[in-house]
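Subject: Structure handover

Hello,

Please find the structure below. My notes on what was found in it follow.

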Amino acid sequence: SPLLTTACLGRTVFSYEVTDSTNRRAREEADRGAPHGSVFFAEEQTGGRGRLGRAWSAPRGEGVWMSVLLRPKLAPADIAQITLLTGLAVCDAIREVTGLPVQIKWPNDIVLDGKKLVGILTEMAAEEDRICALVVGIGVNVNNPAFPEELKDKATSLLLATGKPVSRKELAARILLRLEKEYETFLRQGANAAFRKRYAERCATIGSLVKVVMGNEEFAGTAIGISETGALLVQTGQGIRAVNSGEVSVRGM
Ligand code: BT5
């Protein structure tokens, strides 16, 4: 597409009219040697996935349902950061295209008025201690005119929020450009203070009261920022706790 101005992301594209999950296609093609920066688009997903085996609703023609294949030379511990920088890239791209004041809900949702607009699913294939392929799945509700009963109260789309259709191609191109820039900056500088500050400015969780459930332990506090490793820092009565995304559920209070 002439809209795409990236150097690398989306230079190889796989497009599907219907597929079960673009994350699944990306992992398969990764095994067959697809290059770094390959992007997988579907018009419709019949088995879209969220975290922990949850389902992602991805009806025909209504959203940007895509996965990006990265082959970074990073340690598995850095993956949390890739999810965070993807969230920031998607958040800023949506703001740029629509002007809507969308925000990040740590670690991987983009929300508007408390409703979910975007889900991000990062999956890896690790080989010993080095990652050989990382698949970043991004689902953006763009022109969904409505949602199924079970999602009505918790999901929204750009069409519902702005009252007019939004170009999925333009949005996807903007997301990929911002993602490429965030990714390159991260490889050069890590999640430095400037990144953490930009993330915090976009993150609705930071500054809020949260309840954290970690296995059978539970505590409450105020989210005050993210650490250099991408953990959420929570100020509690007993001091600051660092919370990693894999092991917790964090709820606003
Ligand atoms: C996520 O999981 O939010 C990650 C979703 C990633 C989807 C993309 S689409 C392209 C790529 N290919 C895939 O197969 N997946 C990725 P999680 O945080 O577990 O949230 C899942 C929950 O969000 C579900 O249990 C529902 O409650 C809700 N949900 C499902 N579909 C939704 C939608 N379209 N909009 C808003 N919420 C939704």
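In which loop does Asp113 lie? Asp113 lies in the loop between S5 and S6, where helices (H or I, at least four residues) and strands (E, at least two) are DSSP runs, numbered from the N terminus. Before going further, two points on the source. This is a predicted model, in which local features need pLDDT of at least 70 and side-chain atom pairs count only at pLDDT 80 or more, while totals for chains, interfaces and linings use all residues. Residues are numbered from 1 along each chain as its sequence is written.

Phi of Asp113 is positive, near 50°, in a residue other than glycine. Asp113 counts as exposed because it has 11 C-beta neighbours inside 10 Å; a residue is buried if 20 or more other C-beta atoms lie within 10 Å of its own, exposed if 12 or fewer, and partly exposed in between, with C-beta atoms placed from the backbone. Leu52, in the loop between strand S2 (39-45) and S3, also has a positive phi, near 50°. Leu52 is exposed, since 6 other C-beta atoms lie within 10 Å. A cis peptide bond, with omega about 0°, joins Trp106 and Pro107, and Pro107 sits in the loop between S4 and S5. For context, most residues other than glycine have a negative phi, and most peptide bonds are trans.

Hairpins

The loop with Pro107 belongs to a hairpin: S4 and S5 have three residues between them. Strand S4 (residues 103-105) pairs with S5 in the antiparallel sense over three bridges; two strands pair if DSSP finds at least two bridges between them. Lys105 stands opposite Asp109 in S5. Strand S5 (residues 109-112) has Ile110 and Leu112 on a covered face, and Asp109 and Val111 on an uncovered one. In a regular strand the side chains alternate between the two faces of the sheet.

A second hairpin is formed by S8 and S9, with two residues between them, and Gly215 in the turn has a positive phi of about 60°. Strand S8 (residues 209-214) and strand S9 (residues 217-226) are antiparallel and share six bridges. Val210 stands opposite Gly221 in S9.

Domains and core

The chain is divided into domain 1 (13-201) and domain 2 (206-252), with bounds that come from an automatic or database domain assignment. Taken over C-alpha atoms, their centres are 23 Å apart. Ten residues from domain 1 and ten residues from domain 2 make the contact, where two residues are in contact if their C-beta atoms, placed from the backbone, lie within 7 Å. On the side of domain 1 that touches domain 2, helix H2 (79-98) and helix H5 (193-202) are the elements that give two or more residues. That side divides into eight nonpolar residues, one polar and one charged; Ala, Val, Leu, Ile, Met, Phe, Trp, Tyr, Cys and Pro count as nonpolar, Asp, Glu, Lys and Arg as charged, and the others, Gly among them, as polar.

The largest nonpolar core has 62 residues, and Val90, Ile138 and Ile175 have the most contacts inside it. Such a core is a set of buried Ala, Val, Leu, Ile, Met, Phe, Trp, Tyr and Cys residues joined through C-beta atoms within 7 Å. H2 gives the most to this core, with eleven residues. Both domain 1 and domain 2 give residues to this core, so it lies between them. Not counting residues up to four places away in sequence, Ile175 touches Ala89, Val90, Ala93 and Ile138.

Met66 lies in strand S3 and is buried because 25 other C-beta atoms lie within 10 Å.

Ligand shell

Of the 28 residues around the ligand, Ser21, Gly50, Gly119, Gly137 and Gly139 come nearest; a residue is near a molecule if its C-beta atom, placed from the backbone, lies within 6 Å of it. By class, the shell has ten nonpolar, 13 polar and five charged residues. Helix H1 (22-31), strand S3 (63-70), strand S6 (115-127) and strand S7 (130-141) each supply at least two residues of it. Within H1, the buried residues are Thr22, Asn23, Arg25, Ala26, Arg27 and Ala30.

Regards
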